[in-house]
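Let's go through the terms used for this model and see what stands behind each one. Here is what we will be looking at.

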Amino acid sequence: MDEDRTAATERTLPHPPEAVFAAFETPERLAAWWGPAGFTNEFERFDFRVGGRWVFVMQAPDGTRYPNENEFVLIEPPSRIVLRHVVPPLFTLDVQLEPVAGGTRLGWRQVFDDAGTAQALRHVVEPANEQNLDRLAAVLAAGG
C-alpha cells in the first residue's frame, strides 16, 4: 500500500544493537555520520526523547545548506527509533535494530507523505540512504 511512497533498505552491521543505537542517540556520533557522503552537519538542537526536536543544517560538499527539523515520535532503546521530518519534504523515518548472529540487522524505512514527492526524490534518496549507512558502518568500525 505504501510502496509508492517508501524508500527502504536494510543492512547487517557487525555490532550489537546497543552500539548501533548509541550512534543515533549521541549527537557527536550522529553528526559524524548522518547524511550522504561528503556532507557535514551543524546541530542547533538535539533533544533525544519522544516529542523532542532535532534541528540541524546539512551542508553539501558544494556548500549548499539544507535546513532540517525532525521530531522524535518513538524511541525504544536499543531496538527502534521513529522520527518525523516536519519540514518539506515531509516523511516519517522508522529505524529498527534487530539482534542477529554476529551483529544487528538495521531496517531503514522512509515513508513520504505523498507518492509524487517520493517518486521525484527516489533517485536521490535511495543512494543517499545507502551512503548514510556506509558512514554509520565506518563510524562504528572506528569505535565511534
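Q: Why is alanine 141 called exposed?
A: Alanine 141 has a relative accessible area of 63%, and exposed means over 50%, buried under 20%, and partly exposed in between, with a 1.4 Å probe and protein chains only. Alanine 141 is therefore exposed. A word on the source: this is a predicted model, where local features need pLDDT of at least 70, side-chain atom pairs count only at pLDDT 80 or more, and totals for chains, interfaces and linings use all residues. Residues are numbered from 1 along each chain as its sequence is written, and side-chain values use heavy atoms, with hydrogens and water left out.

Q: Where is alanine 141 found?
A: Alanine 141 is in helix 3, which covers residues 115-141. Helices here are DSSP runs of H or I with at least four residues, strands are runs of E with at least two, and both are numbered from the N terminus. From C-alpha to C-alpha, alanine 141 lies 11 Å from alanine 19, although the two are 122 residues apart in sequence.

Q: What makes asparagine 41 buried?
A: Its relative accessibility is 14%, so asparagine 41 falls on the buried side of the cut-off given above. Asparagine 41 sits in strand 2.

Q: Which backbone oxygens does the side chain of asparagine 41 reach?
A: One belongs to alanine 31, at 3.1 Å, and another to tryptophan 34, at 2.9 Å. A polar contact is a pair of N or O atoms within 3.5 Å; within protein, one must be able to donate a hydrogen and the other to accept it, and residues adjacent in sequence count only if both atoms are side-chain atoms.

Q: What caps the N-terminal end of helix 3?
A: Aspartate 114 does, with a side-chain oxygen 3.2 Å from the backbone nitrogen of glycine 116. After helix 3 comes glycine 143, with a positive phi near 90°.

Q: How do you know that helix 3 bends at arginine 122?
A: The bend at a residue is the angle between axes fitted to the seven residues ending there and the seven starting there. At arginine 122 that angle is about 65°. Arginine 122 is also among the buried residues of helix 3, which include Val125, Asn132 and Leu136.

Q: What makes a set of residues the largest nonpolar core here?
A: A nonpolar core is a set of buried Ala, Val, Leu, Ile, Met, Phe, Trp, Tyr and Cys residues joined through side-chain atoms within 4.5 Å. The largest such set has 32 residues, and Phe24, Trp34, Leu106 and Leu136 have the most contacts inside it. Helix 3 gives the most to this core, with six residues.

Q: Why are strand 1 and strand 2 called edge strands?
A: Two strands pair if DSSP finds at least two bridges between them. In the open sheet of seven strands, the order is 1-7-6-5-4-3-2, with antiparallel pairing. Strand 1 (6-13) and strand 2 (40-46) each pair on one side only.

Q: How do you know that strand 4 and strand 5 pair?
A: Six bridges join strand 4 (residues 65-76) to strand 5 (residues 80-85), and pairing asks for at least two. Glutamate 76 stands opposite arginine 80.
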